[in-house]
Amino acid sequence: MELSQRHRMILKALIDEFIDENRPVGSKTLFDKHDIGLSPASIRAVLKDLEDMGFLASRHTSGGRIPTEQGYRFYVDSLLVVYELTLKEKQRIQEEYLKMQFRLDQILKATASVLASLSNTAGIVIGPAKSLDTLKHVELIHVHGDEVLMIMVMRSGAVVHRNVFLDRNYSQEELYQISKYLNENAKGYDMFEIQESVIPKLLNKKDGPEDFYKVSDVIAAAMTPDNSEVSLYIDGLKNLYGRFRDEEKQLNQVLSLLDDKRLLREFFGEHIDHEGVITVIGKEGDGLMDGVAIITSNYRMGEKRIGTMGIIGPQRMDYNRALPLVDFTSKLVSEMITRISR
């Protein structure tokens, strides 16, 4: 929807004011505090237009106006000036990660805390699905008779153990040659790719050790990923009680949303393939999101998108800071996870 420059300027000023003060905004406030260059009467006329078009709403006939979801959507898409994080803010984020050992679970837990602390909302991180983790190293170790321990070190740092039974008693040297061939050809692929693509190609190439072809079916079956639920990290619930002060209905909505772990995993999972930072406002997301906004982005291991992160809070949030915060943090986390996976 096209708005005149005058309507855009007043809509932006009103939403900026409402985000700062959390109370309805009238023409006198805009006239006194913002350099709009119009009389209060002219501002009132524009506010009336914006309300008629669905961008604003009135809580009381004699009071000021507040943004609607449509108003917030236009503000984020067309009016928002996104600022760079300051050097101090970037350093604060980086310092949080320097305090810990570089394990994936620690990085993701710290990320939820960083997002919550710097946005004054709730920070959420969805861990990577087991099926998206890629192989770093595999080793076959003889246990007893035809029993073999298959150890897979994943790029996330996870270590997967599988006991398999082969067609005969293989020596450790024979198992070493099979492991070496797998490492040369399957490293960097996820388990599904190894099962569905890598092993079938190797069977056609016929350039590996003879024993590999005898045990390939067992190895492929052992590559089935763990179907347990992905990890979910949430921080900053206390922030929400302050941000939704005097808005009990919206507070209960967002707490219900955060309590529904399945819905959160599904919602954030839907955005894993999207590029950049995504903003979802109110009912654009789900019936539970009335009065709520979510800002989310994915994070990567190398070029592979493996999870999502974001913040959840009131629609009246500081988008100028929130968008670059999520963007910078997702890129930093991607760099760290890629580094520890090598």
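**View 1. The chain splits into three stretches of domain assignment: domain 1 (5-79), domain 2 (87-128 + 230-341) and domain 3 (134-223).** These bounds come from an automatic or database domain assignment. The C-alpha centres of domain 1 and domain 3 lie 64 Å apart. Keep in mind that this is a predicted model, where local features need pLDDT of at least 70, side-chain atom pairs count only at pLDDT 80 or more, and totals for chains, interfaces and linings use all residues. Residues are numbered from 1 along each chain as its sequence is written, and side-chain values use heavy atoms, with hydrogens and water left out.

**View 2. Here Tyr75 meets Tyr319, in one of 6 aromatic pairs found in the whole structure.** Rings of Phe, Tyr and Trp (its six-membered ring) pair if their centres lie within 6.5 Å; planes under 30 degrees apart are stacked, over 60 edge-to-face, and the rest tilted. With centres 6.1 Å apart and planes at 65 degrees, Tyr75 and Tyr319 are therefore edge-to-face. Tyr75 is buried (under 20% relative accessible area; exposed is over 50%, partly exposed in between, with a 1.4 Å probe and protein chains only), at 1%. Tyr319 is buried too, at 0%. Ring pairs also bring in Tyr72, making a cluster with Tyr75 and Tyr319.

**View 3. Phe267 and Phe268 make an edge-to-face pair.** Their ring centres sit 5.5 Å apart, with the planes at 80 degrees. Both residues are buried.

**View 4. Two charges sit over tyrosine rings.** That label needs NZ of Lys or CZ of Arg within 6 Å of the ring centre and within 35 degrees of the ring normal. Arg168 lies over the face of Tyr170, 3.8 Å from the ring centre. Lys206 has its charged end over the ring of Tyr213, 5.1 Å from the centre.
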